[in-house]
Amino acid sequence: MRFDHRTLPQRVRFGTGGAADALAAEVEERGARAVMMIAAPSELALAEGIASRIDTALWWSDVAPHVPIAHAERAREAAAAAGIDLIVSVGGGSTTGLAKAVALTSGVPIVAVPTTYAGSEATNVWGLTTDARKTTGVDDAVLPAVVVYDSELTLSLPVELSVASGLNAIAHCIDSMWAPSSDPLNRALAEEGVREVAGALPVIVSSPENVTARERMQYGAYVSAVAFASAGSGLHHKICHVLGGAYDLPHAQTHSAVLPQVLAFNTVFAPEGSERIARALGAPSAVEGLERLYASLPVVRALSEVGYSAESIPESASLILPLVPPSNPRRVDEAALEGILRAALEGRAIA
Ligand code: NAD
């Protein structure tokens, strides 16, 4: 066994109903005097509830998906003008992303209070969109110093968004099994992430108000993102990144259609990772386990349902190929990518 693993430094305060206390304690311990609260309009009520016991210097709700650069610059200017010394983000990945954009240039620490299962709070990855092109980068300045998890904040997340966000977490885990920096530590976390998220998701679909399932989802989404932050981006995420960018396909549905295909493609060539996924799903094989999970969820299986068409397959394959990580356990060429894309288009198992 030989690996070079880095664990990112972060405090996690986890507890249902405890966000307001955790935030107040964090502000006091840090001696923060000028807090910037960031929350999108639909997250504002949640944010106001948990900020009730702190003084806030600046409220900011000018949040947009994928952090357009103009939004980042407006938030940075307002933060500088208010002399903020702590950023608190309350919301999904878009809100955390804006907080990261401010931290990137100011170095001000973030307390992240997630309300979805996207997992951005566990990573040192930032993303900014300029002229419809998304750029990402890695910088420890954007890793939230503290994450506060309170499952009550996720009860209002609609089932459809919960499923999309949860499958995103499972995709983090599955890709961690063969990503460039995959190692036994992040694979162990990824296995735990699959177990928790797959266990909780069907319960949330049938009873969205189930706090225990919501807690399991938050815990599972966190370990999934920690695994992914450490392992890096594998074949699945490279494919989805290209499809989302080049054809403007919706993020969540693209992930859910592509994931079973990448798993089926790699599974025999990644026996340890596949065994972990199968064990976490309580199934005889990883592929069968994911099939069973999908059967229990409202989920998009075919890219044809979201506007992708067969004519785009050759171009997509040629765009994806240069991005395929050399770590992928099975050799990937254009024909292989075309096979994966065709199966994802039709939503059927690949041969
Ligand atoms: P999102 O933040 O865009 O949220 C989706 C919608 O749900 C928004 O309208 C939001 O206001 C609403 N919402 C959030 N929490 C809610 C709640 N509890 N109740 C009701 N509505 C709620 O979506 P997301 O999936 O959380 O994040 C996606 C973004 O995060 C993408 O831009 C993605 O690239 C990014 N991301 C980044 C990383 C990273 O490491 N940098 C990791 C994962 C995702």
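The structure holds 21 salt bridges, each one a side-chain nitrogen of Lys or Arg within 4 Å of a carboxyl oxygen of Asp or Glu. This is a predicted model, where local features need pLDDT of at least 70, side-chain atom pairs count only at pLDDT 80 or more, and totals for chains, interfaces and linings use all residues. Residues are numbered from 1 along each chain as its sequence is written, and side-chain values use heavy atoms, with hydrogens and water left out.

View A. Arg195 pairs up with Glu192, with 3.1 Å between the closest N and O atoms. The two sit three residues apart in helix H6 (residues 184-206), so about one helical turn separates them. Helices here are DSSP runs (H or I, at least four residues), as are strands (E, at least two), numbered from the N terminus.

**View B. The annotated span, residues 9-150.** UniProt, in an unreviewed entry, labels this stretch "domain: Alcohol dehydrogenase iron-type/glycerol dehydrogenase GldA"; such annotations may be inferred rather than shown by experiment. The span is 32% helix and 27% strand, and its end C-alpha atoms lie 20 Å apart.

View C. The domain assignment (automatic or from a database) gives domain 1 (11-154) and domain 2 (159-346). In contact (heavy atoms within 4.5 Å) are 14 residues from domain 1 and 17 residues from domain 2. About 1500 Å² is buried between them, with carbon and sulfur atoms giving 64%; that's accessible area (1.4 Å probe) lost on putting the two parts together, summed over both. Across this interface, the rule finds zero salt bridges.
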